[in-house]
Amino acid sequence: VGLRDPSQVITFILGAEQAASPQSYAHFLKDEATLKRKTGVDVATLAKQFQGDLVVDSDTHTTLVRASVSDPSVVAKVLSKSAAANAGVGATKVHPLGGGFYHLTESGREGLIALVGNQLVFGLAPKGGQLRPATLKAFAAAPGSPLPGASGAFSFRLALAQLLTLTGAASNSNPIVKDILGLIGDLSGSSAVS
């Protein structure tokens, strides 16, 4: 999945939550105040950093996310201060690993986060698994893969046959169905607002 200028989406989501669920938004404001007190940076300032591209890659077990940031020093400050204060947002906790990498714990799943150049890179391991810093470095350095014919800020590519195999949906299929799925290739698309 690719998204151009995710700061716009973050701003939209926060505005929608404020209008649709004032109680939930009040809980968010409480978490935001805690984050600002511990790091000196508010969510609006942090959200403005994400004006490049956001890329998500997942095989349904391991998920990797990278986002271009406009001022890496602001994001580095948030990571460093969050780790020093053992802070996070909600139940997410951040712990330093060294070399600019941080370990995250969220709902029993382990993750890594780091700033590699101007890319904020995050990885979430499968339950019971772990990620290595080298995985995040490689993902940050991987070239983008433009989607032919895509228009708009949001695009996706889905290897349908691989997804069905990974989720087990195709494991009991007969050989003809597997052959047909193999011919389909990737499902891709994009979205634009007019």
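A residue counts as buried under 20% relative accessible area, as exposed over 50%, and as partly exposed in between (1.4 Å probe, protein chains only). This is a predicted model, so local features need pLDDT of at least 70, side-chain atom pairs count only at pLDDT 80 or more, and totals for chains, interfaces and linings use all residues. Residues are numbered from 1 along each chain as its sequence is written, and side-chain values use heavy atoms, with hydrogens and water left out.

Start with the whole protein. Of its 194 residues, 29% count as buried. The protein has 7 helices and 9 strands. These are DSSP runs numbered from the N terminus: H or I of at least four residues for helices, E of at least two for strands. Contact means heavy atoms within 4.5 Å. Among contacts with a separation of 6 or more, 52% join residues 24 or more positions apart.

Now take helix α1, residues 6-20, which holds Ile-10. Ile-10 is partly exposed, because its relative accessibility is 29%. Leaving aside residues up to four places away in sequence, Ile-10 touches Ala-47 and Phe-50.

Move on to helix α2. Tyr-25 and Phe-28 both lie in this helix, 3 residues apart, about one turn. Both Tyr-25 and Phe-28 are buried. The whole structure contains 1 aromatic pair. The ring centres of Tyr-25 and Phe-28 are 5.7 Å apart and the planes meet at 35°, so the pair is tilted. The rule takes rings of Phe, Tyr and Trp (its six-membered ring) with centres within 6.5 Å; planes under 30 degrees apart are stacked, over 60 edge-to-face, and the rest tilted.

Which helix packs against α2 at about 90°? Helix α4 (residues 72-84) does, with its axis 9 Å from that of α2 (residues 22-39). Thus α2 is roughly perpendicular to α4, a label for angles of 65 to 115 degrees. Axes are lines fitted to C-alpha atoms over the stretch in contact, and angles run from 0 to 180 degrees between N-to-C directions. Leu-35, Lys-38 and Thr-39 of α2 meet Lys-77, Val-78, Lys-81 and Ser-82 of α4.

Last comes charge pairing. Side chains of opposite charge can pair when their charged atoms come close. A salt bridge needs a side-chain nitrogen of Lys or Arg within 4 Å of a carboxyl oxygen of Asp or Glu. The count is 1 salt bridge. Lys-36 and Asp-42 form a salt bridge at 3.8 Å, N to O. Lys-36 is partly exposed, because its relative accessible area is 43%.

How values were computed
Angles under 35 degrees count as roughly parallel, over 145 as roughly antiparallel, 65 to 115 as roughly perpendicular and the rest as oblique.
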